[in-house]
Structures are given as structure tokens and as C-alpha cells.
Amino acid sequence: MKSKLLYINTIGCQMNVYDTEQMAGVLFSLGYRLTDDIESADMVIVNTCTIREKAEQKAFSFLGRLAKIKAVKPSLIVGVGGCVAQQEGEAITRRMPYVDLVFGTHAIFRLPEMVRRIEHSRCRIVDVRLSDVIEVNKPVDVQLNENQVSSFVTVMRGCDNYCTYCVVPHVRGRETSRHPDHIIEEIRIRVEKGVREVTLLGQNVNSYGGKEGLCSFAELLKKVNRIKGLDRIRFTTSHPKDLSDDLVSTFGCLEKLCHHIHLPVQSGDDDILKRMNRKYSRDSYLEKLARLRATCPDIAITSDFIVGFPGETDRQFQATLDLIETVQYDGLFAFMYSDRPIAQAAAFSDKIPNLVKKERLKALLELQEGIRRNKYQAMVGQVREILVEGPSRHINTNANGVPPAQARYRGRTSSNHIVHFNAPNSLLKKKELLTGTLMDIMIEGAYAHSLWGRVTQKTMAEKTGKGGATIAA
Ligand code: SAH
Ligand code: SF4
Ligand code: F3S
């Protein structure tokens, strides 16, 4: 079968990254191979996000670009998938007649059939059916990148929480968990292909298995922890209201579980939390963090924040700043509240002017910047274990492609900090000693968003079988 080229533009969260892999995986059987070159593609898919207005605009502006490409190449198949596709459905084909296929978040496994029909009869198809069960649960044979060390695996779909600002329950459907056997099998397949770290994905992994009567999320983690060849486990996202003692205790006993939790709080004010329908209070959140820190003292804690939720007063915003100061987060994402027409808060009164939202975002990020700087500084002089992910992006290689004496590599600490280091020559000679391995690094300094350091004597001795000298970064 002659291979056809597929270009996929992924916008949005890690779930979309995973879904993109699934799309490429199911279309492989029809002869489609991924390309980075949009001009040469036979089919272009945009996997969209609608979490904020900006994300939605990004999808439509990319589709605008595709209109021009399709005008000179009418054979091009244009597909729109993901959350905007789910939200807008047929309206997309009406607004953009050059779009051949609109498929929602539950239609990925029906892609081969739909694409085959389009190839044969150039028809236009819209499939945004949502179902309450996961129709295809078994692992798809995905095309991983060469030397891919880390991978996402979805453990559950959808969300039942209906936070008032959020579109996810509307575009991803009801919360549904995958069977643990399929999850384990999928991770094993990835480990055989070289993956060493897996991030388990769900909108609220804490309620994993509840509806279906499968095992709990803590039990699932224990099963994953037993997979041979896997070095690290991460998960996201955990909802504070459902953070169970069982899950907290896994941080004390599972050696592969990374010492990091992303626990989005959104706001530090109880009234705002109530109107967001988050179902926890500032105090109960802080109490959960205290339990996490008591179980795992070096756990890194990150969070998401929304500034300028309808009706948010200056005093309520101050409560958010105060929470950030109290917790001393290792990292955070902050967003200006964005109206989503299908979400409940779109109808709330007292919308906050854009300018105020911008000022609040700026103040929040400035506060966090100071905290980050102190945290990074405190790491200097410490030895941290990293999982090496590959060469740093701007690696120098000379004209023959032979790495220079010192080549810059990067990895991640258990706490999810990126660390760069100069790979010693003796390790560069054998690639299997670098990418995908665990190494101890002495942290020597900090950039704005990452750290740098050098390989310790101990790691050098273990890897080369000799006493090996350390090499300065
Ligand atoms: N399931 C996760 C969040 C998924 S969405 C959770 O419950 O925490 C990722 C983040 O986007 C959210 O944590 C929130 O901070 C942000 N977000 C969601 N809807 C938003 C909106 N309408 N405006 C601004 N930010 C939003
Ligand atoms: Fe959205 Fe809330 Fe569900 Fe997270 S828990 S996806 S914020 S509705
Ligand atoms: Fe966006 Fe959909 Fe993820 S709206 S954040 S791609 S679940």
C-alpha cells in the first residue's frame, strides 16, 4: 500500500496529545504516516481545544490557513477533531465548506471508516456522537517517536464535576474509566518500545474506577508500579475534593511514583470556590497539602489558578495571593477567566473587565516568580536524580554530525524540574548510557525555567565502571 502523509496539529491539554497519538495509530492501517511538513500532507487534522476563548481562536485561525492550502490542492482531506469539533459540530462545515470531516472526542476509533468513505466518495462527514461507555478500550499500536522516554496514557475519559467555568464535561462527556488490564497492557507495550516514564491522564484521576466498580486509583498505581522496565509514574489531574488518604499514602510507599502532584486550587477564596462549584474550602485544601507534605516531605506541589472569575473582588483576589504565599508552590499555571458560552458561569453577573484581569494575572505571576527564584536557588548544591530525555534543544554538533566534546543533554527530576547538563564524552559514545537512563546530577545553577548541573562522580563510576572525572557544565 502506498503511504499517504498525515499532518496533525495538536492544540490543548495532554489528553489531546494522547488522542493525537491514537488518531495517528488508527489511521496507520489506512496507510497514513505522520509528517512534519504540512505542504506535502494528503490529510491535515487539527485536534482542537476550547477551554478558553483563545484556544478556540487558535483552531479557527489554523483552519483559515488550511483554506489557502486546500485552494491550491483540492485533494487534501481536512479534518477537525477534539473539543471545538465536539462543541461546534456541523456549524464548522457550514462556516468552512472546505472541511471534509468533523469528529468529536468520542469518534477517534471511527476515524478509519469515515476517512475511507471520504477517500472513496469525497463526501463530508460530521460525527459528534457521545457515548457513556468507552467503545474501544484496548491499546492501539501507536507510532512513538524514536528515543521517546516519556508517554501519556489515558486512564479515564470525561468529567462529571461541572465546575461552573468549565467546558470539559460538555465536550468530553461523562466520566468513564478504562479497565486496568488494558491500561497495564498499554503501558507494557510502550515500555517495550523504550518508554521509561508514564503519565496517567484523567480530568479527576481520584475518582478512577468508582462508577464501573473497577479498582481505586491508588490500587491502579500499585499495579503500574509493578511493571518491569518502567522507572517513573506521574499522574494528572487530581481534584482536591477527592484526594483520598489512600492516594496520599502511595507517595510514601511506591518507589516509582514521582514526588510531584498537580493539585489545581483555582482560587484562595471560599466564596469564589463555592461559585466555581469546586466543593472544597481553602482550609480543607491546605489540610490536604499538609498531609501530602507529612507523607512525602520533598513533594513538589503545582497548581492552576483562574483570576477574574465573575464577581471576584480585590479582597478575594488578595486571598488567592495569600494562599500562594502560604503554600510556596513549585510551579503554577494562571489564566484570566474566559467566558465559555456552554458553561454555567457565562450567565453570571459582575464580569470583571479585561484590564483588571490582566493586572491581577501580572501580580500573581510576579509573586510566583519570586517564589520560583528562591526555590531554584535552594536546589543549587543538591544532588537530584534525573531521567534523561535526550539532547537539549539547541545542541551543537559539528559538520560531520559528531557531537562536540561537551554535548548538552536534558532530563527531569522526580519533582518535574528540567535540568540541563553536559554529557561527558565517555557516555556519548554509548547512547544507551544516556537517553532513558536515571542519573544523579549536582545542581549548579538556574535559568529562568530550568536548572543546570553536572553528572556526579558516583553516576560516572556506575555507568563507565571506572572512577570517571566529573565534567563541568
Ligand atoms: N480537570 C482539571 C482541569 C482541566 S482544565 C481540574 O479540575 O483541575 C485546565 C485548567 O484550565 C483549569 O484548572 C483552569 O485553571 C483552567 N480553566 C478552565 N476553564 C477556564 C475558563 N473558562 N477560563 C479560564 N481558565 C479556565
Ligand atoms: Fe473542568 Fe472541573 Fe472537570 Fe476539571 S474537574 S475538567 S475544571 S469541570
Ligand atoms: Fe482543551 Fe479539551 Fe483538554 S477543552 S484542555 S483539549 S479536554
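Analyst: Around ligand 2 stand C159, N161, Y162, C163, Y165, C166, V168, P169, Q203, H239 and R278. The model is predicted: local features need pLDDT of at least 70, side-chain atom pairs count only at pLDDT 80 or more, and totals for chains, interfaces and linings use all residues. Residues are numbered from 1 along each chain as its sequence is written, chains are lettered from A and ligands numbered from 1 in the order in which they are written, and side-chain values use heavy atoms, with hydrogens and water left out.

User: What surrounds ligand 3?

Analyst: Ligand 3 has C13, N16, C49, T50, I51, C83, R172 and Q203 around it. By class these are 4 nonpolar, 3 polar and 1 charged.

User: Which residues come nearest to ligand 1, and what makes a pair of atoms there a polar contact?

Analyst: Of 15 residues around ligand 1, the nearest are Y165, Q203, Q266, D304 and S338. A polar contact is a pair of N or O atoms within 3.5 Å. A side-chain N or O atom of Q203 is 2.8 Å from a nitrogen atom of ligand 1, so the pair meets the definition. An oxygen atom of ligand 1 lies 2.7 Å from a polar side-chain atom of Q266, and an oxygen atom of ligand 1 lies 2.6 Å from one of D304. The protein covers 90% of the 540 Å² of accessible area that ligand 1 has on its own (Shrake-Rupley method, 1.4 Å probe).

User: Why is ligand 1 said to lie between two domains?

Analyst: Domain 2 (131-258) and domain 3 (287-378) both give residues to its shell, so ligand 1 lies between them. The domain bounds come from an automatic or database domain assignment.

User: Why is the bond between T236 and T237 worth a remark?

Analyst: The peptide bond joining T236 and T237 is cis, with omega about 5°. T237 is in the loop between β11 (232-236) and α9 (245-253). Helices (H or I, at least four residues) and strands (E, at least two) are DSSP runs, numbered from the N terminus. Y162 has a positive phi, near 50°, and is not glycine. Most residues other than glycine have a negative phi, and most peptide bonds are trans.

User: Where is Y162 found?

Analyst: Y162 sits in the loop between β8 (156-157) and α6 (168-172).

Key:
Near = heavy atom within 4 Å. Polar contact = N/O pair within 3.5 Å; in protein donor to acceptor, adjacent residues only side chain to side chain. Nonpolar A, V, L, I, M, F, W, Y, C, P; charged D, E, K, R; others polar.
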